[in-house]
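Visitor: I would like to learn how to read the features of a model like this one. Please take them in turn, with the general idea first and then the case.

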Amino acid sequence: MPLVVEIGPGKGALTESLLERADKVVAIEVDPHLVHYLHQKFHDAMEAGRLEVIEGDVLKTDFSGAVITGNLPYYITSPILEKVFALGDGWTRAVFLMQSEVADRLAAKPGTRDYGYLSVQTQIHARPEILFPVPRDAFRPPPKVDSAVVRLERRSLPEVPDTSTFLKFASLCFRHKRKTLRNNLAPLYEIGGWEEGRLRAEQMSIPELAALYVKIRSFKAPPTNA
């Protein structure tokens, strides 16, 4: 691996292994105390130019062109994924440790409880694979949730007219999971006559959602009277 970007290296447990496999590691850490610790622990690697430690917010850092990895903070997992996907062709693979509940949602199939907007957003950009679970007692101190390691391989975008607009459409489809597509889409689209309107979004695969979007995108709902 020529270049690896590590998000949230902490005390460098993963960093050590990455340095054995990558030509260069760029570690992004927001905690200044941990940045100082990493400078001391990996002084030789930094002097050799094999490790760069950046003190900063990962959401404000450019990490295009690299393999991306890290233990994702639970509260910003979704924004980090959005940032990765926004790179377009600027990424190829990401391997993340994340909350197991979120990992299940990334890889969920249509018709399952975990399938939702996050599944669609992820699978339109990547092929997610849960590699293995990580129990909470593997950490010190243990968190309140279990984790899992997920690999994301970038994929070519499916043929939809406008990916960002389609994802807004998909978000609306999943707005209320227990409601039908007709009820969720009614504020913006007139779909009373479409057979798919009686289904729930969780029953629709990504190609089916994309086909529905193409079918009804020009059928805007009439404005409501004030």
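**Reading one residue, then the fold**

Guide: With contact meaning heavy atoms within 4.5 Å, and with neighbours within four places in sequence left aside, Thr15 is in contact with Glu6, Pro9, Val25, Phe42 and Leu51. This is a predicted model, in which local features need pLDDT of at least 70, side-chain atom pairs count only at pLDDT 80 or more, and totals for chains, interfaces and linings use all residues. Residues are numbered from 1 along each chain as its sequence is written, and side-chain values use heavy atoms, without hydrogens and water.

Visitor: Is Thr15 buried or exposed?

Guide: Buried means under 20% relative accessible area, exposed over 50%, and partly exposed in between (1.4 Å probe, protein chains only). Thr15 has a relative accessible area of 1%, so it is buried. Of the protein's 226 residues, 41% count as buried.

Visitor: With which side chain does the side chain of Thr15 make a polar contact?

Guide: A polar contact is a pair of N or O atoms within 3.5 Å; within protein, one must be able to donate a hydrogen and the other to accept it, and residues adjacent in sequence count only if both atoms are side-chain atoms. For Thr15 the partner is the side chain of Glu6, at 2.6 Å. Thr15 itself sits in helix α1 (residues 13-21).

Visitor: How many helices and strands are there in the protein?

Guide: Helices (H or I, at least four residues) and strands (E, at least two) are DSSP runs, numbered from the N terminus. The protein has 9 helices and 7 strands.

Visitor: In what order do the strands form the sheet?

Guide: Two strands pair if DSSP finds at least two bridges between them. Here 7 strands make an open sheet with mixed pairing, in the order β3-β2-β1-β4-β5-β7-β6. β3 (51-55) and β6 (126-134) are at the edges with a single partner strand each, so one side of each has no neighbour in the sheet. From one strand to the next, the twist averages 20°.

Visitor: Which strand do 8 bridges join to β6?

Guide: That is β7 (residues 147-154), which runs antiparallel to β6. Ile130 has Val150 as its bridge partner in β7, and Glu129 stands opposite Arg151. β7 also pairs with β5, in the antiparallel sense, over 7 bridges; there Met98 stands opposite Ala148. In a regular strand the side chains alternate between the two faces of the sheet.

Visitor: Which strands does helix α4 lie across?

Guide: Axes are lines fitted to C-alpha atoms, for helices over the stretch in contact, and angles run from 0 to 180 degrees between N-to-C directions. Helix α4 (residues 77-85) lies across β1 (3-7), β4 (67-71), β5 (93-99), β6 and β7, at about 170° to β5. Helix α2 (residues 32-41) lies across β2 (24-29) and β3, at about 165° to β3.

Visitor: How many salt bridges does the structure hold?

Guide: A salt bridge is a side-chain nitrogen of Lys or Arg within 4 Å of a carboxyl oxygen of Asp or Glu. The structure holds 12. One of them joins Glu16 to Lys41, with the closest N and O atoms 4.0 Å apart. Glu16 is in helix α1 and Lys41 in helix α2, so the pair ties together parts 25 residues apart in sequence. Arg93 and Glu153 also meet in a salt bridge, at 2.8 Å from N to O. This pair links strand β5 to strand β7, 60 residues apart.

Visitor: Which residues are linked in a network of salt bridges?

Guide: Lys177, Arg178, Arg200 and Glu202 are. Between Glu202 and Arg200, the closest N and O atoms are 3.3 Å apart. Glu202 is buried at 10% relative accessible area, whereas Arg200 is partly exposed at 24%.
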